There are 2 protein chains.
Amino acid sequence: MNSNQTLIKMVFDRWNASLDRFNTLLNSLTDEQLLKEIAPGKNRGIYLLGHLIAVHDDMVILLNMGDKLYPGLHKAFIESPDKSVTEIPAAKELRASWSNQCEVMKQLFEKLQPGQWFEKHTAVSAEDFIKEPHRNKLNIILTRTTHLNYHTGQFVLLK
Amino acid sequence: MNSNQTLIKMVFDRWNASLDRFNTLLNSLTDEQLLKEIAPGKNRGIYLLGHLIAVHDDMVILLNMGDKLYPGLHKAFIESPDKSVTEIPAAKELRASWSNQCEVMKQLFEKLQPGQWFEKHTAVSAEDFIKEPHRNKLNIILTRTTHLNYHTGQFVLLK
């Protein structure tokens, strides 16, 4: 295993462990609990779930792996704060979307060869990438892993 | 920049950005706000601050970089849940410890050569490390970056 493969394993171990932790938590919560706020006046659990799906959908674009699965969630869960959009999908529907997205992304990720993780993502130009080789596809996994942990720390407060 | 240096930059960019985000937040909170719970019945801000110092102190040991700066915090902030230990340092003191620790660790990290980040940390045996090269020093930075983000997501609720 060379150092590039070692780093891929390090980053994906974090990504997968973070998803596992979030999923264990999500499965332990009822739909009623998802409708509660994480703290008085703050985001609801259901908003955080929709937000994570929308953010992970953007990863598919950044990684040049096809189209978003749930483009309709962007407006309510990224552009808008919680409780400002009245018509959002039910908790049950978001759970199914999340679960499907996790599976689809897992399959997309498995198709990439190790070297491809160090190629540029779609938000950086070829010119900039020469000077900034850290702006690669693996870095997208890394930044979204920290993002997922940030919200998992909030999600756990619903328990 | 060779690939090891790129990998190190990816992880340290996350570590440093996560510390910056936490510090901006910490500096925006009063000592009174730190004494509040992040949500009703949950940990207080001051406990999370002490917990982060204690966890980062363990990194010094795992990275084989000397002794802990604040070993006395382990009992109250890792072994014990919040509000079970009555005598804990004042917010002002913890702020100073955190700030000093961030500076000391920054200086320790700068002393390491790129290749050294891919050497084993102290919690893995030389024998296991041959089979599991991802259990290196850089991985300690990565796992504590996700840990820091988890608690930053909670800390922001004090605002």
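The model is predicted: local features need pLDDT of at least 70, side-chain atom pairs count only at pLDDT 80 or more, and totals for chains, interfaces and linings use all residues. Residues are numbered from 1 along each chain as its sequence is written, chains are lettered from A and ligands numbered from 1 in the order in which they are written, and side-chain values use heavy atoms, with hydrogens and water left out. Chain A contains 7 helices and 0 strands, and a rotation of 180 degrees superposes chain A on chain B. About 430 Å³ of space lies in the largest pocket.

**Fold of chain A**

- Along the sequence, chain A follows the pattern α-α-α-α-α-α-α, where helices (H or I, at least four residues) and strands (E, at least two) are DSSP runs numbered from the N terminus.
- The radius of gyration of chain A is 17 Å, close to the 15 Å that the globule rule gives for 159 residues, so chain A is as compact as a globular protein of that length. The radius is taken over C-alpha atoms, and the globule rule is 2.2 Å times the number of residues to the power 0.38.
- The C-alpha trace of chain A spans about 45 × 30 × 25 Å along its principal axes.
- Of the 159 residues of chain A, 49% count as buried; buried means under 20% relative accessible area, exposed over 50%, and partly exposed in between (1.4 Å probe, protein chains only).
- Among contacts in chain A between residues at least 6 apart in sequence, 69% join residues at least 24 apart, a contact being heavy atoms within 4.5 Å.

**Relation of the two chains**

- Two copies of a chain are related by a rotation about an axis and a shift along it.
- Here, the rotation that superposes chain A on chain B is 180 degrees, with 0.1 Å of shift along its axis and an RMSD of 0.2 Å. That is the relation of a two-fold axis.
- The superposition is by least squares on the C-alpha atoms of residues with pLDDT of at least 70 in both copies.
- Of the residues of chain A, Tyr150(A) comes closest to the rotation axis, with its C-alpha at 2.1 Å. The same surface serves both copies, as 97% of the contact residues of chain A recur in chain B.

**Pockets**

- On a 1 Å grid over the protein atoms alone, a pocket is an open set of points with protein on both sides within 12 Å along at least five of seven lines, whereas a cavity is a set where a 1.4 Å probe fits but cannot get out; lining residues have an atom within 4 Å of a point. Grid points are joined across faces, edges and corners, and a volume is the space filled by probe spheres set on the points.
- The largest pocket holds about 430 Å³ of space. Of its 19 lining residues, Phe12(B), Asn16(B), Lys106(B), Phe109(B) and Glu110(B) are the closest to its centre.
- Helix 1 (3-28) and helix 5 (91-110) of chain B are the elements that give two or more residues to the lining of the largest pocket, and helix 1 of chain B provides the largest share, 8 residues.
- The lining of the largest pocket comprises 10 nonpolar, 5 polar and 4 charged residues. Ala, Val, Leu, Ile, Met, Phe, Trp, Tyr, Cys and Pro count as nonpolar, Asp, Glu, Lys and Arg as charged, and the others, Gly among them, as polar.
- The second largest pocket holds about 290 Å³. Its lining has 13 residues, with Trp15(A), Asn16(A), Leu19(A), Cys102(A) and Lys106(A) nearest its centre.
- Helix 1 (3-28) and helix 5 (91-110) of chain A each supply at least two residues of the lining of the second largest pocket, which has 6 nonpolar, 3 polar and 4 charged residues.

**Cavities**

- The count comes to 2 cavities of 30 Å³ or more.
- The largest cavity holds about 40 Å³; its lining includes Arg44(A), Tyr47(A), Phe77(A), Asp82(A) and Ile88(A), and divides into 6 nonpolar, 1 polar and 3 charged residues.
- The second largest cavity holds about 30 Å³, and Arg44(B), Tyr47(B), Phe77(B), Asp82(B) and Ile88(B) are among its lining residues.

**Positive phi**

- Asn64(A) has a positive phi of about 60 degrees although it is not a glycine. Asn64(A) lies in the loop between helix 3 (45-62) and helix 4 (73-79) of chain A and, at 58% relative accessibility, counts as exposed.
- In chain B, phi of Asn64(B) is likewise positive, near 60 degrees. At 59% relative accessibility, Asn64(B) counts as exposed.
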